Amino acid sequence: AYFVYRTTTTKDSGTITVKVIELNDVLVKQKEIPFVKGDSLVNLVQDNFSNVTINDGMIMSIESLTTPSDWSTYICIYKNGEMSAVGIKEVQFPNGDVISFVNTTFSM
């Protein structure tokens, strides 16, 4: 269980860009966020955005985006334009990275 719930922290300092994007690529909010060694993406997001809810490593709400109970949409994490293979607690972010939280329609 330790590996599933650990939080990744930075080894350096720098600045990242964090975007919150609604359906149809509508930009809700964008911030340039400085970080220092030991920061985590979870802490940076909680300190810089409103309505942040994280459940079991998944971001369930941020700003005006919310994952509904029927999961018809969900918030997907992208790092430098590519879908993240890990949850918010494990995303590594060196200086200059762009992290996007994108409201995504669930489809099978």
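Predicted model: local features only at pLDDT ≥ 70, side-chain atom pairs only at ≥ 80, totals over all residues.
**View 1. The lining of the largest pocket has 10 nonpolar residues, 4 polar ones and no charged ones.** The largest pocket has a volume of about 190 Å³. In all, 14 residues line the largest pocket, and M58, I75, I77, V86 and G87 are the ones nearest its centre. Two elements, β4 and β6, each give two or more residues to that lining. Strand β6 puts in the largest share, with 4 residues.

**View 2. Here's the salt bridge between K29 and E63.** It is one of the 2 salt bridges in the structure. The closest N and O atoms of K29 and E63 are 3.5 Å apart. K29 sits in strand β2 (residues 26-35), while E63 belongs to the loop between β4 (58-62) and β5 (65-66), so the pair ties together parts that lie 34 residues apart in sequence. How accessible are the two partners? K29 is partly exposed, with a relative accessible area of 29%. E63 counts as buried, at 14% relative accessibility.

**View 3. K79 and D97 bring their side chains together in a salt bridge.** The N to O distance for this pair is 3.6 Å. Again, distant parts of the chain get linked: K79 is in strand β6 (residues 73-79), D97 is in the loop between β7 (82-83) and β8 (98-105), and they are 18 residues apart. K79 counts as partly exposed, with 28% relative accessibility. D97, on the other hand, is at 7% and counts as buried, because the cut-off for buried is under 20%.

**View 4. Now for the largest nonpolar core, a set of 20 residues.** Which members touch the most others? Those are I16, L41, I62, I99 and F101. The elements giving two or more residues to this core are β1 (14-22), β2, α2 (41-48), β4, β6 and β8. Helix α2 gives the most, with 4 residues.

**View 5. Zooming in on I16, one of the core members that touch the most others.** Leaving out residues up to four places away in sequence, what does I16 touch? Its contacts include K31, E32, I33 and F35, along with L41 and L44. I16 also touches F93, P94, D97 and I99.

Conventions. Residues numbered from 1 in each chain as written. Heavy atoms only, no water. Salt bridge = Lys/Arg side-chain N within 4 Å of Asp/Glu carboxyl O. Buried < 20%, exposed > 50% of the residue type's maximum accessible area, 1.4 Å probe, protein only. 1 Å grid on protein atoms, 1.4 Å probe; cavity = no way out; pocket = protein on both sides within 12 Å on 5 of 7 lines; lining within 4 Å. Points joined across faces, edges and corners; volume = space filled by probe spheres on them. Nonpolar A, V, L, I, M, F, W, Y, C, P; charged D, E, K, R; others polar. Core = buried A, V, L, I, M, F, W, Y, C linked by side-chain atoms within 4.5 Å. Contact = heavy atoms within 4.5 Å.
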